[in-house]
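Work through the exercises below with the sequence and the model at hand. Each task is followed by its solution in steps.

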Amino acid sequence: MADSTFMMRAKMSKHAFLGVLWAFTVIDTVFVLFRISVRIAFFRRLFVDDFFVLLAWAIMLTTAVIWQIQGQVLYKLYAVSTGQEPYTPAVLPMFESFMRYIAPMTIMFYSGLWAIKFSFMSFFFRLNSKVKSHRIWWYVVMFVVGGVYIASVADIDYKCSRGGLEFILTKCSDLDHIHYQNRTFWANCAGDVVTDMLILSIPILILWNTRISLQKKLVLFGVFSATVVIMAVAIIRVVVNNSLNSSVDIGWLYLWSFVEMGTAIIIACVASFRQLFVTSQNQHLFGKVNPTPYNPLLGGSSKKYGRSQERPGGEDTESQTSDVAIMPMSSVHVRHDFEVATSTKK
């Protein structure tokens, strides 16, 4: 183990490591259940963006279960590496078996994180903006988001996970290989942050020309800009694992990866509650909404402003037509009744 890529000390105890993982899992479960219950209560159904969040949550739960098992192995290897436990012939096969989980768990991390991105994209698509340029920009952002996901999964160092014990011990500790791993680590982080910024640009474009008060714009912008928190955690994840000439600590890296994915799920559950800001009476929580022009972020309509409809494709759109028909003046007839009274003198 002296020449392997695994010569590291644990930066936190096993109980703290697993405690953080399960704490985020429980908190995310509460937020996801709240999101689903609100959607059922308001719409009587789930939408595509909800299923993406459920997918991310399922990936997170699966990852927590895997780490509950493999975390025991990881910390035993830590103990052997630091001399707290004796080295035995069984350690190397155990190390090889553990490393086989690294690539699949990395794929799960990116898949869970991008499931949240696709959830936001699906949510903004369902808002059905009437402006053509908004639609075009949505497709541009979707193309970039999908491309960065493919690139992030493609540049994973699969050989240092599933290339066999000999390759891991002899090649993965080379300085050139470590530099490659760190470059892809930073590149994937940059792609993560850039895609979040592009996704955030979609509601900003919609709100920019909307005829509502500045206060309401700031409130809605504040809701969707909560994705900035995800960007901050992504940057922290890289900074705390910054090591140019040595391999990244596996446990510390995946702890922060888990924190980022858990934070993304929480933000997705909070930022998607459009129905908590718009009531069925076309009322924003902070005042009435000007019914014109059409505002997909505020949406909502009532009998006074129009009847809400749902298209066959699953898009909940709102009509701005009035329920009261206006009759032309030429069709209006006035009926005059005259009563003639006669009187007789006695």
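In what follows, Ala, Val, Leu, Ile, Met, Phe, Trp, Tyr, Cys and Pro count as nonpolar, Asp, Glu, Lys and Arg as charged, and the others, Gly among them, as polar. The structure is a predicted model.

**Exercise 1. The chain as a whole**

Solution. Start with the secondary structure, which comes to 11 helices and 4 strands. Next take burial: of the 346 residues, 49% count as buried. Then turn to contacts between residues at least 6 apart in sequence; 75% of these join residues at least 24 apart. Last comes the surface. The chain exposes about 18100 Å², and carbon and sulfur atoms supply 66% of that area.

**Exercise 2. The largest cavity**

Find how many cavities of 30 Å³ or more the structure holds, then describe the lining of the largest cavity.

Solution. A search of the whole structure gives 7 such cavities. The largest cavity contains about 530 Å³ of space. Its lining is made of 26 residues, and those closest to the centre are I102, D157, Q181, L253 and Y254. Now assign the lining to elements: α4 (102-126), α6 (159-162), α8 (175-208) and α11 (250-271) each give two or more residues.

**Exercise 3. Two annotated segments**

Take the "transmembrane region" segments from the UniProt record and examine residues 46-69 and 185-206 in the model.

Solution. The unreviewed UniProt entry lists residues 16-34, 46-69, 101-124, 136-154, 185-206, 218-240 and 252-273 under this name. Over residues 46-69 the model is 92% helix and 0% strand, with the end C-alpha atoms 33 Å apart. Over residues 185-206 the figures are 100% helix and 0% strand, and the end C-alpha atoms are again 33 Å apart.

**Exercise 4. S122**

Is S122 buried or exposed?

Solution. First place the residue: S122 lies in helix α4. Then apply the cut-off, by which buried means under 20% relative accessible area. S122 has 15% relative accessibility, so S122 counts as buried. Leaving aside residues up to four places away in sequence, S122 touches V48, D49 and F52.

**Exercise 5. M94**

Which residues does M94 touch, not counting residues up to four places away in sequence?

Solution. M94 belongs to helix α3 (residues 91-99). Its contacts beyond that sequence limit are V73, K76 and L77. For M94 and L77, compare the separations: they are 17 residues apart in sequence and 8.4 Å apart in space, C-alpha to C-alpha.

Technical notes: Residues numbered from 1 in each chain as written. Predicted model: local features only at pLDDT ≥ 70, side-chain atom pairs only at ≥ 80, totals over all residues. Heavy atoms only, no water. 1 Å grid on protein atoms, 1.4 Å probe; cavity = no way out; pocket = protein on both sides within 12 Å on 5 of 7 lines; lining within 4 Å. Points joined across faces, edges and corners; volume = space filled by probe spheres on them. UniProt positions renumbered as here; feature names shortened; annotations may be inferred. Buried < 20%, exposed > 50% of the residue type's maximum accessible area, 1.4 Å probe, protein only. Contact = heavy atoms within 4.5 Å. Areas by Shrake-Rupley, 256 points an atom, 1.4 Å probe, with all protein chains shown as cover.
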